[in-house]
Amino acid sequence: MQQSLGTLGSVALVSFVAAMLGTAAGSVVLGDGTKPILRIWGMEDGTGDAPLLVATTATEDSFDNSAFYTVVPEGEQVDTGGLGAMARLEGRGRAVGATLYGENDGEGGIVWGSNSIAVSYNGRPAVGMEVNGFNYSDRPATVRGIDIVNGGSAPTEFGLGVMTSNDHPDGKPRYGIVLAGPEFGHARHSPASRAGLVIDQIDSGQAVRIAAGDYIALDGADAQVRLRYNPEAGQIEFHNGDDLVYSIPL
């Protein structure tokens with residue numbers, strides 16, 4: 001049964017709720033100006049879980065943002081998640097684990113439905129977002145890792161974009177999009193069984209477009225067997241390494 005605690009008016013009340021939850025003293029911290037609503041499922045003992053922290057980013061000087069986060073202290077080793085949302089569908093209809101929404105009806109600026117960030121300060125791995133889709137039904141099922149739906153009453157710009165940060169241009173990725181397999185140390189099998197890339201009907205007829213002068217490699221990581229359109233010579237070229245082996249004038 002879901003028990004709701006309305007708007008919490010003081011840090012003392014939050015500390016009381018934290019004590020009821022069995023969390024350590026000081027594990028819940030509120031920033032000035034916040035009006036949090038805490039909803040608790042079953043009031044279960046949380047002493048075995050990582051403490052829930054609310055960042056004191058909402059202050060008198062800056063109240064634009066507040067965040068939930070989990071801190072793993074130096075020297076500790078844990079596998080933990082800071083904030084989780086799940087849904088289980090046992091009946092009919094549809095279920096969503098979490099919904100993040102941004103709406104722009106102002107005079108300028110930009111809104112994000114979600115903004116996932118991962119930063120490495122020590123050269124160790126960081127992943128901005130990991131999406132998993134599994135089929136455990138022992139039968140064919142529609143399972144999609146990412147399904148991008150763009151629409152509306154006017155055209156949108158693009159469904160998926162990979163860009164380099166303007167503030168950090170030296171941090172551009174080595175590859176824009178990778179269907180990762182053995183070359184990248186993910187698995188000994190290929191990332192797909194039927195096709196690496198499928199493009200359905202495109203209104204303009206341009207299924208694939210690349211910059212003039214750029215190559216398409218045909219031999220994998222070696223990238224020695226290549227073809228391209230050379231705009232200076234006005235021809236399609238086939239290369240083996242640095243050697244031009246065949247060309248088709250246009």
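Modeller: In the hairpin formed by β6 and β7, four residues sit between the strands, and G234 takes a positive phi near 65°. The model is a predicted one, and this applies to everything that follows. β7 covers residues 235–240, runs antiparallel to β6 and is joined to β6 by six bridges.

β6 itself spans residues 225–230. Its covered face holds R226, R228 and N230, while V225, L227 and Y229 belong to the uncovered face. β6 also pairs with β5, residues 215–217, again in the antiparallel sense, over three bridges. There, Y215 stands opposite R228 of β6.

The loop between β5 and β6 contains A223. A223 is not a glycine, yet its phi is positive, at about 55°. With a relative accessible area of 28%, A223 counts as partly exposed, because that class lies between 20% and 50%. A second case is D138, also not a glycine, with a positive phi of about 60°. D138 is in the loop between β4 and β5. Its relative accessible area is 80%, so D138 is exposed, the cut-off being over 50%.

V225 also has a place in a nonpolar surface patch of about 710 Å², whose other members include I202, I216 and L218. I202 lies in the loop between β4 and β5, and is partly exposed at a relative accessible area of 36%.

Technical notes: Residues are numbered from 1 along each chain as its sequence is written. This is a predicted model: local features need pLDDT of at least 70, side-chain atom pairs count only at pLDDT 80 or more; totals for chains, interfaces and linings use all residues. Side-chain values use heavy atoms; hydrogens and water are left out. Buried means under 20% relative accessible area, exposed over 50%, partly exposed in between (1.4 Å probe, protein chains only). Helices (H or I, at least four residues) and strands (E, at least two) are DSSP runs, numbered from the N terminus. Two strands pair if DSSP finds at least two bridges between them. Patches are made of residues with over 30% relative accessible area and no salt bridge: like charges are joined within 9 Å, nonpolar side chains (Val, Leu, Ile, Met, Phe, Trp, Tyr) within 5 Å. Accessible areas come from the Shrake-Rupley method with a 1.4 Å probe; for residues, only the protein chains shown count as cover. A salt bridge is a side-chain nitrogen of Lys or Arg within 4 Å of a carboxyl oxygen of Asp or Glu.
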